[in-house]
Amino acid sequence: MTGRYKRGEIPVYQDRYICIKCGKKIGKLDEGLHKKMINRGAERWMCIDCLGEYIGVSREELLKKAEYFKKMGCTLF
Ligand SMILES: [Zn+2]
């Protein structure tokens, strides 16, 4: 699932660690999930809530996935 965002569509914030959709502060977990679920090469990310809404997956499901990826030794988390 890549290429949904074209360059220039993403608003530029001072802080990279802000959700591109709602502007909420995000962390490593949100970043990792966005990369895993949407685009590994993404440089801006969505928070877990917006990501879940975007891909139609519940927050609980995403947290479970993050936990799983961490256990698998994924370097994104
Ligand atoms: Zn958000």
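## The nonpolar core

The largest nonpolar core holds 11 residues: Cys19, Ile20, Ile26, Leu33, Trp45, Met46, Cys47, Ile48, Leu51, Leu62 and Ala66. Such a core is a set of buried Ala, Val, Leu, Ile, Met, Phe, Trp, Tyr and Cys residues joined through C-beta atoms within 7 Å. Two or more of its residues come from each of α2 and α3. Helices here are DSSP runs (H or I, at least four residues), numbered from the N terminus.

This is a predicted model: local features need pLDDT of at least 70, side-chain atom pairs count only at pLDDT 80 or more, and totals for chains, interfaces and linings use all residues. Residues are numbered from 1 along each chain as its sequence is written.

## Meet Ile20

Ile20 sits in the segment before α1. Ile20 counts as buried because it has 21 C-beta neighbours inside 10 Å; the cut-off is 20 or more other C-beta atoms within 10 Å, with C-beta atoms placed from the backbone. Its C-alpha atom is 7.9 Å from that of Cys47, 27 residues apart along the chain.

## Helix α1 and its cover

In α1 (residues 28–37), Asp30, Glu31, Leu33 and His34 are buried. Seen down the helix axis, these residues fall within an arc of 170°, so they line one face of α1; the arc is that of the directions from the axis to the C-beta atoms. Their cover includes α2 (48–55) and α3 (59–71).

Leaving aside neighbours within four places in sequence, Leu33 is in contact (C-beta atoms, placed from the backbone, within 7 Å) with Ile48, Leu51, Leu62, Lys65 and Ala66.

Key
Buried ≥ 20, exposed ≤ 12 C-beta atoms within 10 Å, placed from the backbone. Contact = placed C-beta atoms within 7 Å.
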